[in-house]
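Dear colleague,

Please find below the structure that I am handing over to you. My notes on it follow.

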Amino acid sequence: MTNPTALIVGASRGLGHAIAAELADRGWHVIGTVRDTTARTPLHDLADRADGRVEIEHLDITEPDQLPPLRERLADRRLDVLFVNAGTTNNPQTPIGEVSTTDFVDVMVTNALSPMRVIEALGDLVPPDGLIGAMSSGQGSITNNTAGSREVYRASKAALNMLMRSFAARPSEAERALVVVAPGWIRTALGGPDAPFTMEESVPLIVDVLLAKQGKPGLEYLDRNGETVPW
């Protein structure tokens, strides 16, 4: 029996790398993408010790011209899980009226538009019993936003959630298993050192959520414990 395969987009470091490592430890074959082909990353270290279970592909998701070549390279592959991990932010304290157009566009393109481009380009490689997902955030919940701040980041993740809901509403996608994940505030380069949760305690829970969602049609917005997050 062939081991299942996951494509983790944005796996060079942080949560994406940790998810790739957790899946590899569970016997999965993992394809992870990196943006820079010239730089060595933790994903390269993982591939070196994974006995062939980890492959590295090149993709900068903000460069749409890179998607067709990746699609061609993966054309004969079955992806049991396609998960897009992307996240950037601006200065979280800058009020929206003072955010530069450049910063706004950068966060929106990276966090909302680009993950959907990946899903549109590669989703047909995922079989009906597979899973397509993207890393969202609890800060993308409009209902739960009672604290404010991080305005552009929040808006970008809410936009990602809305775009995934639109994708899920297409008749052609009605039987898909789709998920957006709110992992919690985790100590990563994006989350910072003050975050209450570690990667070691969080990532196995996130992977549990992904694997439990496989083959279950419909879009869900879930936290790292598999609980529903209000839109």
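Which residue in strand 4 is the bridge partner of Val 9? The bridge partner of Val 9 in strand 4 is Val 84. Before the details, two remarks on the basis of these notes are in order.

This is a predicted model, in which local features need pLDDT of at least 70 and side-chain atom pairs count only at pLDDT 80 or more, while totals for chains, interfaces and linings use all residues. Residues are numbered from 1 along each chain as its sequence is written, and side-chain values use heavy atoms, with hydrogens and water left out.

Overall architecture

The protein chain contains six helices and seven strands. Helices (H or I, at least four residues) and strands (E, at least two) are DSSP runs, numbered from the N terminus. In sequence order, the pattern is β-α-β-α-β-α-β-α-β-α-β-α-β. The radius of gyration is 17 Å, close to the 17 Å that the globule rule gives for 231 residues, so the chain is as compact as a globular protein of that length. The radius is taken over C-alpha atoms, and the globule rule is 2.2 Å times the number of residues to the power 0.38. The C-alpha trace spans about 55 × 40 × 35 Å along its principal axes.

Of the 231 residues, 47% count as buried. Here, buried means under 20% relative accessible area, exposed means over 50%, and partly exposed lies in between (1.4 Å probe, protein chains only). The accessible surface of the chain comes to about 10900 Å², and carbon and sulfur atoms account for 51% of it; such areas come from the Shrake-Rupley method with a 1.4 Å probe, and for residues only the protein chains shown count as cover. Among contacts between residues at least 6 apart in sequence, 69% join residues at least 24 apart, a contact being heavy atoms within 4.5 Å.

As for charge, the chain has 21 positive and 30 negative side chains, and the centres of the two sets lie 2 Å apart. Lys and Arg count as positive and Asp and Glu as negative, whereas His and the chain ends are not counted. The place of a charge is taken as NZ of Lys, CZ of Arg, CG of Asp or CD of Glu.

Strand 1 and its partners

Strand 1 covers residues 5-9, and five of its five residues are buried. Thr 5, Leu 7 and Val 9 lie on one side of strand 1, with Ala 6 and Ile 8 on the other. Strand 1 pairs in the parallel sense with strand 2 (residues 29-34) over four bridges; two strands pair if DSSP finds at least two bridges between them. Within this pairing, Ala 6 has Val 30 as its bridge partner.

Four bridges also join strand 1 to strand 4, and these two run parallel. In strand 4 (residues 81-84), Val 81 and Phe 83 point one way and Leu 82 and Val 84 the other, and all are buried. Strand 4 in turn pairs with strand 5 (residues 131-135), again in the parallel sense and over four bridges. There, Val 81 stands opposite Leu 131.

Individual buried residues

Thr 33 belongs to strand 2 and, at 2% relative accessibility, counts as buried. Not counting residues up to four places away in sequence, Thr 33 touches several residues, including Leu 7, Ile 8, Val 9, Leu 43, Glu 57 and Leu 59.

Pro 115 sits in helix 4 (residues 101-122) and is likewise buried, at 2% relative accessibility. Pro 115 and Val 9 are 106 residues apart in sequence, yet 8.8 Å apart in space, C-alpha to C-alpha. Beyond its neighbours within four places in sequence, the contacts of Pro 115 are Ile 61, Val 84, Ala 86, Val 109, Thr 110 and Leu 160.

Ala 112 also has its place in helix 4 and is buried at 4% relative accessibility. With neighbours within four places set aside, Ala 112 is in contact with Val 107, Ser 156, Ala 159, Leu 160 and Leu 163.

Positive phi values in loops

Asp 51, in the loop between helix 2 (42-48) and strand 3 (54-58), has phi near 55°, a positive value in a residue other than glycine. Asp 51 counts as exposed, at 71% relative accessibility. Ser 149 is found between strand 5 and helix 5 (151-169) and has a positive phi of about 65°, although it is not a glycine. At 35% relative accessibility, Ser 149 counts as partly exposed.

With kind regards
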